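Here is a short briefing on one protein chain. Keep the sequence and the 3D view side by side as you read.

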Amino acid sequence: MYGSVKTTPNLNLTYRLFCLVLIAATLFSTAQAGEDTIINARQPEKIKLLVGKSIVLHSSRLINRVNIPNQNIAKATVLSPTEIYLEGISAGTTNLALWQKKKIFKFYDVEVVFDVSGLKHRLHEVLPEETQLQVFGSNNAITFAGRVSSAANLSKALEMANAYMPEKGKVINLAEAGGIQQVMLEVRIAEM
């Protein structure tokens with residue numbers, strides 16, 4: 001007993017039960033918070049979209065809310081409680097979060113790139129001999145890699161890419177031009 005306060009056995013039992021309930025509630029809410037942290041700490045899945053193209057995402061869980069921070073890059077529309085229509089608007093990167101009730105249960109990194117399939121087709125038509133030239137779309141750029149047979153063909157390919165590229169994009173050239181190397185010599189003739 002503490003001091004002059006006397007406790008009855010029923011009051012002491014009630015106090016102990018109250019403390020046990022309080023501890024159990026604290027442990028439960030801590031476990032829930034830990035579970036949320038684990039869900040949010042997972043590595044996000046990656047989605048790669050083409051500008052102007054779309055996909056439908058299917059979820060095994062019901063979706064209450066969808067969030068994309070940068071809707072200038074991608075837009076999401078909930079089609080049903082388990083389906084989302086995701087559209088690439090412009091080149092860049094953003095995130096997509098799927099919510100159920102008040103919790104994020106799925107997180108994606110979304111990369112939207114230029115569709116280079118049309119450019120590849122045109123390059124094959126104009127320069128069919130350039131089989132080692134590779135073309136990639138990444139963020140707001142079209143990248144050339146590999147090897148071309150001549151500097152003239154590389155110049156043609158770069159011109160085509162610049163014409164194909166939207167205003168905000170850029171062309172990155174990592175390709176090598178082959179062919180005959182020319183060496184310039186300076187010749188001086190001296191009379192004796």
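In what sense do β3 and strand β6 (residues 92–100) pair, and over how many bridges? They pair in the antiparallel sense, over three bridges. This is a predicted model, in which local features need pLDDT of at least 70, side-chain atom pairs count only at pLDDT 80 or more, and totals for chains, interfaces and linings use all residues. Residues are numbered from 1 along each chain as its sequence is written, and side-chain values use heavy atoms, with hydrogens and water left out.

**Overall layout**

- The chain holds three helices and 11 strands. Both kinds of element are DSSP runs numbered from the N terminus: helices are H or I with at least four residues, strands are E with at least two.
- Along the sequence, the pattern reads α-β-β-β-β-β-β-β-α-β-β-α-β-β.
- The chain has 192 residues, and buried ones make up 25% of them. Buried means under 20% relative accessible area, exposed means over 50%, and partly exposed lies in between (1.4 Å probe, protein chains only).

**The four-strand sheet**

- Four strands form an open sheet in the order β1-β7-β6-β3, with mixed pairing. Two strands pair if DSSP finds at least two bridges between them.
- The edge strands are β1 (45–50) and β3 (65–67), and each pairs on one side only.
- Neighbouring strands of this sheet are turned by 25° against each other on average, direction ignored. The axes behind such angles are lines fitted to C-alpha atoms, for helices over the stretch in contact, and angles run from 0 to 180 degrees between N-to-C directions.
- V66 has L98 in β6 as its bridge partner.

**The three-strand sheet**

- Another open sheet has three strands in the order β2-β5-β4, and its pairing is antiparallel.
- Its edge strands are β2 and β4, each pairing on one side only.
- From one strand to the next, the twist averages 25°.
- β2 pairs with strand β5 (residues 83–88) in the antiparallel sense, over five bridges.
- L57 stands opposite I84 in β5.

**Two loop residues**

- S59 sits in the loop between β2 (54–58) and β3. S59 counts as buried because its relative accessibility is 16%.
- The side chain of S59 reaches the backbone oxygen of R61 at 2.8 Å. This is a polar contact: a pair of N or O atoms within 3.5 Å; within protein, one must be able to donate a hydrogen and the other to accept it, and residues adjacent in sequence count only if both atoms are side-chain atoms.
- K101 is in the loop between β6 and β7 (103–113). K101 has a positive phi of about 60°, although it is not a glycine.
- Is K101 buried or exposed? K101 counts as exposed, because its relative accessibility is 71%.

**Salt bridges**

- How many salt bridges are there? The count comes to four. The rule asks for a side-chain nitrogen of Lys or Arg within 4 Å of a carboxyl oxygen of Asp or Glu.
- One of them joins K106 and E45, with the closest N and O atoms 2.4 Å apart. K106 lies in strand β7 and E45 in strand β1, so the pair ties together parts that are 61 residues apart in sequence. K106 is partly exposed at 27%, and E45 is partly exposed at 40%.
- R122 and E125 also meet in a salt bridge, at 3.6 Å from N to O. Both lie in helix α2 (residues 117–126), three residues apart, about one turn of the helix. R122 is partly exposed at 48% relative accessibility, and E125 is partly exposed at 48%.
- E176 forms a salt bridge with R147, the closest N and O atoms being 3.1 Å apart. E176 lies in strand β11 (residues 176–177) and R147 in strand β9 (residues 141–148), so this pair ties together parts that are 29 residues apart in sequence. E176 is partly exposed at 49%, and R147 is partly exposed at 37%.

**A nonpolar surface patch**

- Which residues make the nonpolar surface patch of about 250 Å²? They are V56, L79 and Y85.
- Patches are made of residues with over 30% relative accessible area and no salt bridge; like charges are joined within 9 Å, nonpolar side chains (Val, Leu, Ile, Met, Phe, Trp, Tyr) within 5 Å. Accessible areas come from the Shrake-Rupley method with a 1.4 Å probe, and for residues only the protein chains shown count as cover.
- L79 is in strand β4 (residues 74–80). L79 is partly exposed, with a relative accessible area of 48%.
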